[in-house]
Structures are given as structure tokens and as C-alpha cells.
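Hi,

Here is the structure I promised you. Have a look, and my notes follow below.

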Amino acid sequence: MCGIAGLVSKKNIEESEFASFREASKLMNHRGPDFNDSLLFRNCLLIHYRLSIMDLDPRSNQPFASNNSDYICSYNGEIYNYKELKSKYSIPTRTTSDTEVMLETFAKHSYSVVPEWNGIFALGILHKSGEKLYLIRDRFGIKPLYYFENEDYFAFASEAKVLYKWLESFEIDRQGLAEYLWYGNTISEHTFVKGVKKLEPATVLTFDLKKGDVISQKKYWTLPTTNGYSKHYEDPAKDVRNLLESAVKRQLMSDVPLGVLLSGGIDSSAIVAFASRHYNNLDTYSIEYDFNIGGKSELENAALVANKFGTNHHELKASSEDIADIFSDLVFQYDEPFSDTANIPLYLLAKECSRDKKVILQGDGGDEFFGGYRRYNVLDWLHFWKLISTISHPFIPSNNKWALRMKRISHILNQKDDAMKMAFYLTEEVPYESPVEIIKKDFRKEMNAHDPFQIYKEFNSAHEHLDIVQRMLYADVKIKLNHSYLEKVDKATMLCSLEARVPYLDNDLTQFMLSLPSSQKVRNGNKKYLLRKALRGIVPDRILDGKKRGFGVPYKQWLKEGLFDFAYSTFNDTKEEHILDKNLLKKLLLKHKSDEGNYGPLLWKALVLSHWLSIYRNKIRL
């Protein structure tokens with residue numbers, strides 16, 4: 001697991017052209033503190049920062065050359081089935097790393113072999129004799145990859161901050177800003193910086209070094225377009241059980257210490273159950289925060305699972321005393337404004353785990369592929385919830401939380417366009433109050449041409465033949481999982497030089513789950529219907545039948561108390577040329593403090609955005 005970067009000069013090939021880019025790449029040293037090197041071939045520079053996981057010998061350092069030295073790679077990731085691929089394609093090797101098998105299979109079979117790579121990866125491959133550079137990203141966007149192109153350069157990096165530092169100046173991407181205001185992060189290929197884009201998952205980008213141009217971007221895998229295959233599965237629960245165990249077993253490969261994040265929920269408990277069968281002296285980690293709210297601590301459930309499967313269990317305690325410092329570090333680490341507050345406890349947990357581990361397994365993907373969110377139940381009973389929400393909210397006091405929720409749901413479910421149902425469901429904002437109001441009027445006018453919901457409209461149009469629950473499941477996989485949840489995990493863990501693996505996103509398991517109709521995932525109001533059935537008798541019933549809990553981060557309360565002064569001074573110090581309306585934000589903050597309204601989500605987004613803008617104020621051209 002590593003940090004990768006590269007630069008192609010379209011005009012000169014002098015070494016001095018690349019010095020500033022090498023310097024900028026040091027910003028991601030945390031992704032690979034074990035070794036750093038680069039290779040310059042004509043006008044193409046490859047840079048690598050190594051976090052040594054497989055084959056710790058220097059022979060596996062990168063940039064790595066193929067046996068005939070015609071292909072060179074800078075590779076971030078793990079391919080778990082590399083031994084099977086080595087055998088299948090009779091690959092002679094001089095190392096025991098998956099890097100070599102990945103590169104040799106690509107050298108022999110090009111694009112056609114990429115769908116067979118079962119793992120997490122983002123990489124650049126230089127083909128010297130073919131004068132091509134290939135960028136490749138895994139199916140679900142587990143590992144990040146950003147790129148930039150203008151008339152003089154083509155550049156890429158695992159973290160966009162490398163590109164930001166290298167660029168002399170940049171403009172804010174209005175589409176990215178519009179998406180952020182609604183969702184708290186960008187949700188398409190756009191980033192916050194004009195010209196810097198995310199390589200789409202399951203994509204091979206080909207850059208012609210001779211022509212100096214991107215000549216193709218090809219998808220090597222896509223979501224299925226049918227609502228479940230016609231194949232009849234005799235016992236899908238048994239299939240899920242076997243596929244999940246195989247996925248966990250595959251992802252236990254490591255030449256360094258490994259552990260499992262154990263939250264006490266279904267997904268992580270299943271990983272522990274299967275991992276304990278194939279890994280001796282398994283370490284598990286749970287954490288409790290001093291800001292757990294509403295009795296949401298799951299230490300008791302986690303301890304129950306750890307005891308059942310005989311793991312070396314570690315209970316960690318984390319404090320919120322230094323939230324302001326954590327906030328600043330994370331705003332910078334996430335490259336773009338990113339307002340999901342769950343990154344705070346995740347970072348604290350990763351920091352603790354990284355004291356004696358380099359690899360952890362965790363449960364991302366379980367909710368999206370098995371139907372773990374409440375919204376799937378609501379959409380499954382769409383007409384019922386539409387009726388209840390429409391009838392009930394006018395008769396409940398307007399300041400009642402249930403009334404506010406019913407009003408929001410009523411507006412969402414009564415959208416005529418299903419794309420807008422999905423789009424509004426996935427934002428904390430409400431359809432009848434635009435978050436764009438916090439932007440100054442003169443800048444706000446420029447945003448009118450940008451549609452923050454465009455990706456949901458395009459997705460719904462391409463999948464409108466599926467039932468709405470299946471569409472939401474698919475949309476969460478393609479949009480929410482990729483652009484929010486997986487980025488949250490990668491940036492927090494890699495800041496601590498910790499590799500996070502996700503068994504629920506295994507190729508074989510996800511392919512099977514995508515072949516099933518939504519009724520196998522959500523049935524009669526039961527979320528994760530099939531997964532619960534598959535794990536019955538393996539994971540304790542108390543876990544399977546318990547309520548879903550997530551990280552409860554009381555940021556709304558922080559904005560009234562511990563972070564109030566920090567937020568107020570941040571908004572007050574906002575420069576006049578800033579795009580945010582600082583006077584409005586100060587008014588909303590004061591109203592929030594005095595309980596005159598719940599402006600927590602909007603204020604948190606504004607606070608993150610304001611801090612990000614201050615970091616890059618000397619670079620930004622408005």
C-alpha cells in the first residue's frame with residue numbers, strides 16, 4: 001500500500017522540469033514511509049512512496065520493472081489473488097510480491113487481464129517501447145487517483161494536495177463547489193480545483209507520450225444492467241457465507257502485523273468470525289470516545305464477539321480535547337473540503353491501531369451491497385411512507401424532531417422524478433432550503449449553470465428499468481460509497497500509514513450480490529435480510545438482531561460549546577474577497593447556539609470550506 005505520482009512534460013525533458021513535482025510529492029510521505037524512489041524515462045517521471053506489506057525485501061521496491069524492463073509501474077494496492085494469477089498465466093517471478101504478478105500479467109495481456117485482478121489498486125504503468133502511460137483504478141474506487149492535464153503537462157497522484165502544491169495557481173471548480181454545498185463532498189469526477197479530476201473507478205486511462213494526449217478512457221467493468229440474473233440460486237445464504245469467508249481468507253495475506261476493526265456491528269463481527277478461522281492470534285480493536293452520545297458505545301457487543309472467537313482484543317479510549325487540531329489536520333489531509341464528521345473518530349482509531357499494526361480489515365461495503373440503511377426500507381414501502389409523512393407532519397409541532405423528519409421525507413418521496421428522490425435522500429440539506437445561500441451573491445450567480453444533482457439524473461436514466469430499491473443500492477455503490485465512504489477511510493487510515501482492507505468489496509462476493517434482486521437484501525422491513533440469514537449460527541444473535549449504530553459525533557453540540565469560539569473567529573476572519581457570506585454565517589452560528597434553529601450540517605460544511613480556502617488562499621484565482 002503506497003503513494004504514487006507521475007508527471008509527463010509535453011514540452012521539455014530537462015531534469016529541472018521535474019524538481020518541483022518531486023518536492024510536492026513529499027506531501028504524501030505518510031502513504032509510504034518505508035521507501036521512496038523515482039524514475040525518469042525521457043519525458044515521463046514516476047514517483048513511489050512505499051508502505052511495505054508484501055515481500056519486505058528491497059527487491060520489491062518501486063518503481064518496479066518487468067522482466068524485460070519494457071514496463072515500469074508505480075503501484076498502490078494489493079491484488080489478493082496474485083498467486084492464482086501467477087499459476088494461471090505461468091508467470092516466472094523473482095520476488096514474492098503481488099506487484100510483480102500484476103505488472104507481468106498486464107505486460108502479457110494488457111486491458112483484458114485487469115478484470116481478473118481481485119483487490120484494491122490505483123497505479124500507473126509506463127510502456128517504454130509503446131510510448132504509453134496507463135492509469136488504472138479498482139472497480140469501486142477503493143484507492144484514490146487524481147490527474148491533471150493542460151497544454152504543457154499531464155500529472156497524477158494518490159493525493160490531490162500534491163497537484164495543488166505543484167500548480168502555481170488554480171481556480172475553484174464551480175461544479176465541485178455546488179456538489180459540496182449539498183453533499184459535504186464532491187460526488188462526481190470533479191474536484192474542488194478546476195482541471196484536477198478523479199479517475200473513475202474500473203477505468204483504464206491511456207496517455208500517448210508521443211502525441212502528448214489522453215487517447216482513451218475505457219471501462220473494464222460496469223454495474224450490471226439487469227434486475228437480477230435469471231439463474232436460480234438454490235441457497236443464496238450458503239453462497240454468501242462461503243463467498244464472504246473466502247474473501248476474508250484472501251485478504252489476510254500479509255508479511256506484517258494485521259488486525260480487524262471490530263465495531264460490534266454485523267459487518268465487522270462477521271469478518272472477525274471468519275478471520276479467526278484462518279489467522280492465529282488475531283488482534284481486534286474497538287474504540288470508545290468521550291463524545292459517544294445517546295449510549296451508543298458498542299464496547300460490550302464488541303467484547304462479546306471477541307470473547308466468542310478468542311481474539312486478542314484491545315479496547316481503546318479516545319478524547320475530543322484536541323478536536324480543533326484534529327480538524328485542521330484532516331481538512332488538509334482530505335485534499336478537498338470533506339464534511340463527514342465520522343472521519344474524526346476514524347482517524348483517532350487509525351492512529352491508535354497504527355502503533356503496532358500496518359494492516360486492518362474493516363466492514364465498508366456491507367451496507368451498500370446487503371441493504372443496511374433505513375432508506376432502503378422506506379423506498380421498499382414507498383407508498384406507505386409517502387402517505388404517513390404527508391399526513392403526519394402538519395399536525396405535529398413544527399419544532400418537534402419527528403415533524404421535521406416527516407416534512408423532509410414527505411418532500412423527498414413526493415418528488416416526481418425518482419432521480420431527485422435519490423439525490424435529496426443522500427443530502428442532509430432539505431429540498432426547500434438551498435445551502436447555496438451561504439455563498440456571496442456575486443459568486444452565487446456563476447453557480448446557476450451547474451447542477452449538483454446531475455450525476456443522480458444520469459445514473460437514474462441509465463438504470464430506470466430497475467426497481468427503486470435496487471436503483472438506490474446501485475447508486476450508493478457508484479456514488480456514495482466511492483466518493484464519500486471509501487475516501488473517508490483511505491485518507492484517515494493512510495495519514496497514519498495504515499492500510500485498510502474491505503472484504504465486502506471482494507470481486508466474487510460483490511458480483512454475486514449484484515446479481516440478486518433487491519428482495520434478497522431488503523424484505524418486509526428487514527434490512528440485510530440475506531446477510532443475517534447467512535450468518536445465523538455463526539455470529540451471535542444479539543449482534544444479528546441488534547439495532548444498527550454508527551459513530552455518533554456531536555459536532556452540532558461542539559458548534560454551540562467547545563468549537564463555538566473557533567468557528568466564530570474563523571467566519572469573522574474571512575477575507576472580503578472570500579466566496580462565503582461571513583455575516584450570514586455568524587448570524588446562523590449565533591442562532592444555532594441559542595437553539596433558534598438547527599444549522600449544524602450547514603455550519604460544519606462552511607467551517608470546513610472556510611478553513612480549506614484559507615489553506616490555499618495564495619493559490620486560488622476566483
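Keep in mind that this is a predicted model. I started with helix α19 (residues 507–514), which is largely enclosed by the rest of the structure because six of its eight residues are buried. Those are N507, L509, T510, F512, M513 and L514. What do they pack against? The buried residues of α19 sit against α6 (236–250), α11 (366–370), α18 (468–494) and α20 (529–535).

Then the charges. K491 and D335 pair up at 3.1 Å, N to O. K491 is in helix α18 and D335 in the loop between α9 and α10 (343–353), 156 residues apart. K491 is buried at 1% relative accessibility, and D335 is buried too, at 0%.

Next, D476 and R375 form a salt bridge at 3.0 Å, N to O. With D476 in helix α18 and R375 in helix α12 (residues 374–380), this pair ties together parts 101 residues apart in sequence. D476 is buried at 0% relative accessibility and R375 is buried at 11%.

R471 has D418 as a salt-bridge partner, with the closest N and O atoms 3.0 Å apart. These link helix α18 (R471) to helix α15 (residues 418–425), where D418 lies, 53 residues away. Here R471 is buried at 6%, whereas D418 is partly exposed at 21%.

D329 belongs to helix α9 (residues 323–333) and is partly exposed, with 43% relative accessibility.

Cheers

How values were computed
Residues are numbered from 1 along each chain as its sequence is written. This is a predicted model: local features need pLDDT of at least 70, side-chain atom pairs count only at pLDDT 80 or more; totals for chains, interfaces and linings use all residues. Side-chain values use heavy atoms; hydrogens and water are left out. Helices (H or I, at least four residues) and strands (E, at least two) are DSSP runs, numbered from the N terminus. Buried means under 20% relative accessible area, exposed over 50%, partly exposed in between (1.4 Å probe, protein chains only). Contact means heavy atoms within 4.5 Å. A salt bridge is a side-chain nitrogen of Lys or Arg within 4 Å of a carboxyl oxygen of Asp or Glu.
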